[in-house]
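Please walk through the structure below with me. We will go one stop at a time.

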2 protein chains.
Amino acid sequence: MEDNKRRKVTIKDIAKEVGISPTAVSLILNNKPCRIAQEKKSLVREVAKQRNYIVNQAAKSLATKKSYMLALILPDIENTFFSSLAKQIENRCRREGYSLIIASSDEQESNDRQLLRVLESRGVDGIFLIMSSESFENSKMLMKELDLLTMPYVMVDRTFPDFDCSRVRFDHEQGGYLATKYLLEQGHTKIGCVFKEIGSGRSRLDGYLRALKEFHIPVKKEYLQAGDYRMESGYRAAGYLLLTDVTAIFLCNDMMTLGFLKKLYEEKLQVPKDYSIVSYDDSLQNYLLEIELTTVVQDITMIAEQACQMMFQKFTKEEIEKKEIILMPKLQVRTSVKNIIKK
Amino acid sequence: MEDNKRRKVTIKDIAKEVGISPTAVSLILNNKPCRIAQEKKSLVREVAKQRNYIVNQAAKSLATKKSYMLALILPDIENTFFSSLAKQIENRCRREGYSLIIASSDEQESNDRQLLRVLESRGVDGIFLIMSSESFENSKMLMKELDLLTMPYVMVDRTFPDFDCSRVRFDHEQGGYLATKYLLEQGHTKIGCVFKEIGSGRSRLDGYLRALKEFHIPVKKEYLQAGDYRMESGYRAAGYLLLTDVTAIFLCNDMMTLGFLKKLYEEKLQVPKDYSIVSYDDSLQNYLLEIELTTVVQDITMIAEQACQMMFQKFTKEEIEKKEIILMPKLQVRTSVKNIIKK
């Protein structure tokens, strides 16, 4: 059977078959009160079922203003951090009786705004937004669009510091601090940092700087290498840092760490024998056969849970309990850091 | 500003402001012919823009029957093969002026059916379906649901052999054949196979069997290990195969290969020195520092392109050119296979 030739069964068809008005059929199928005999009601439901009548949600949502569908806009579906987060949010929504649809902005600010519009116009009940890095850098346009939204939304993972909306994120500065403090405690003082100049990467660098300050270690400019969270930039950063006298490196995400490790492998250098490494994300544990990475871990299940709770509160309560939730990352210690304290 | 307190501007609001009927406003904003002076029309559009009027797509789609939104149902958003495929389909749709929304079945047959219903009722223009493995095993229910769909759909990657619908997939039997033939050509005759008992994994095993037959090598039952495409099953399979005299192994997906390699690493065995390996998917190239995997490659961009072309043909033509497209995988030769032909 050709899939696009079939015609939908309508309320009119059912009305004709049962011999009552389309309005009455509509009332019955939407469980609205109406003066129709119980047998007729049962018959209408039976016919609707037999003929595979599909409630037109588009029409129904116009009336009920509820679609039981939520949307998630994310920056890049191929990025494992976001795809894991999407899966957790989806699981949570499904348990609550909501379908989740996902759309990707491809890290473009214009797509964030266009998708907000499209999803609002499709009548989803609420939107989870992990904005693109372009929006992060260029906040005004998106803020304006968000102010005009007529439905509940929650900003997740990437948030504007001063923008008043429901939001949940991790404390990236604290993550950078934990990573660097651990390296300092193991005796390292010559610590490189591969970071990103904006957003979470910048905050992680701030944490690195705070830890150095706390340990009275001066910052050396040649130890700092900016990257873009992609593997190639980690590989390039290694090219520079291997020319310095660093003994340890804190890398602000796993993809850059992967690039860094590739360079080390090419140069026949080992972790932690030649260099100690702390990474961020804990997404590589399954892939690296030879290295057990010490890493900052963000609890994806927890951020998904908090984001969903915020959303569901918006449906049931007048005022939500908290507008901003900040989650603390943790350090997962494994064997990629050598203790170099002389005994 | 609280995000869920704001009220949508309606057609009625605009009608009141401009001083014409709501029906007239609706006709103007939907570019339908109506007897209203050109200045009034311009004024309506101006007011709509200023007041940030959003076309109610739910209502509009009831009339125009077109949403410019397509949906993709996939089995698992965390699986990198599917997330890459989703990204390629999305890119292609965006270029064509369509938004893509993605929903995951979490490999559950009941979710496949529920999502088809929900997405149809939300008025998407068409659906790309990569069915769950449960539906694959248990085809009747899904087939019935698909027969009842009133909109165009294309089955992607996982298809039923005898079910008449638009579909595009890879030739998995050919992939298994290419992998095994290559190992045979390099002199291996004791070749293990780690497969999956249903779907693509079963077809890949069939290709392995065809290659052995062609080279007149009898099948040894202890060389065959069933897995479930997950890492743990590859690790377990290694436990068995290392007890046999195999010199080479063909693994039917990358995750099982990763598990297999973990076991080899624990046993201090090397690729290709101790064992030759051919894998499937080519998703590990960025992650493995020490091994360059010879692997069967499926061109994700090409399957996305073909699926989208099929969909767009359904919108523009009465008859689509082909109902089934089968794409050939390729073998990417790297260094994980040792040539053991005595010279």
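Start in chain A, where the backbone nitrogen of A:Ser67 lies 2.8 Å from a polar atom of the side chain of A:Asp125. That is a polar contact: a pair of N or O atoms within 3.5 Å, where, within protein, one must be able to donate a hydrogen and the other to accept it, and residues adjacent in sequence count only if both atoms are side-chain atoms. A:Asp125 sits in the loop between H6 and strand S3 (126-129) of chain A. Helices (H or I, at least four residues) and strands (E, at least two) are DSSP runs, numbered from the N terminus. Is A:Asp125 buried or exposed? Its relative accessibility is 7%, so it counts as buried. Buried means under 20% relative accessible area, exposed over 50%, and partly exposed in between, with a 1.4 Å probe and protein chains only.

A word on the model itself. It is predicted: local features need pLDDT of at least 70, side-chain atom pairs count only at pLDDT 80 or more, and totals for chains, interfaces and linings use all residues. Residues are numbered from 1 along each chain as its sequence is written, chains are lettered from A and ligands numbered from 1 in the order in which they are written, and side-chain values use heavy atoms, with hydrogens and water left out.

Now look at A:Ser105. This residue is in the loop between strand S2 (99-104) and helix H6 (109-121) of chain A. Its relative accessible area is 0%, so A:Ser105 is buried. What is A:Ser105 in contact with, leaving aside its neighbours within four places in sequence? The list is A:Ile73, A:Leu74, A:Pro75, A:Asn111, A:Asp112, A:Leu115, A:Ser132 and B:Arg94. Contact here means heavy atoms within 4.5 Å. Note that B:Arg94 belongs to chain B. A:Met69 is 36 residues from A:Ser105 in sequence, and the two are 19 Å apart in space, C-alpha to C-alpha.

For a contrast, find A:Lys268. This lysine lies in the loop between helix H12 (254-266) and strand S9 (276-280) of chain A. With 72% relative accessibility, A:Lys268 counts as exposed. From A:Lys268 to A:Ala103 is 42 Å in space, C-alpha to C-alpha, and 165 residues in sequence. The loop between H12 and S9 of chain A also holds A:Pro272. A cis peptide bond joins A:Val271 to A:Pro272, with omega about 0°. Chain B has a cis peptide bond from B:Val271 to B:Pro272, with omega near 0°. B:Pro272 lies in the loop between helix H12 (254-266) and strand S9 (276-280) of chain B.

In chain A, helix H1 (residues 11-18) and helix H3 (residues 38-50) pack at an angle of about 130°, with their axes 10 Å apart. Axes are lines fitted to C-alpha atoms, for helices over the stretch in contact, and angles run from 0 to 180 degrees between N-to-C directions. H1(A) and H3(A) are therefore oblique to each other. Angles under 35 degrees count as roughly parallel, over 145 as roughly antiparallel, 65 to 115 as roughly perpendicular and the rest as oblique. On the H1(A) side, A:Ile14, A:Glu17 and A:Val18 meet residues of H3(A), among them A:Leu43 and A:Val47.

Helix H9 (residues 172-185) and helix H10 (residues 199-214) of chain B pack at an angle of about 40°, with axes 6 Å apart. That makes H9(B) oblique to H10(B). Their contact includes B:Tyr177 of H9(B) and B:Tyr208 of H10(B).

Stay in chain B for helix H5 (residues 80-95). Why does its length make sense? At 1.5 Å a residue, its 16 residues should span 22 Å, and the end C-alpha atoms are 23 Å apart, which agrees. The expected span is 1.5 Å times one less than the number of residues. B:Asn79 caps the N-terminal end of H5(B), with a side-chain oxygen 2.8 Å from the backbone nitrogen of B:Phe81. Buried residues in H5(B) include B:Phe81, B:Leu85 and B:Ile89. After H5(B) comes B:Gly97, whose phi is positive, near 90°.

Finish with B:Asp106. This residue is not a glycine, yet its phi is positive, about 55°. B:Asp106 is partly exposed, with a relative accessible area of 26%.
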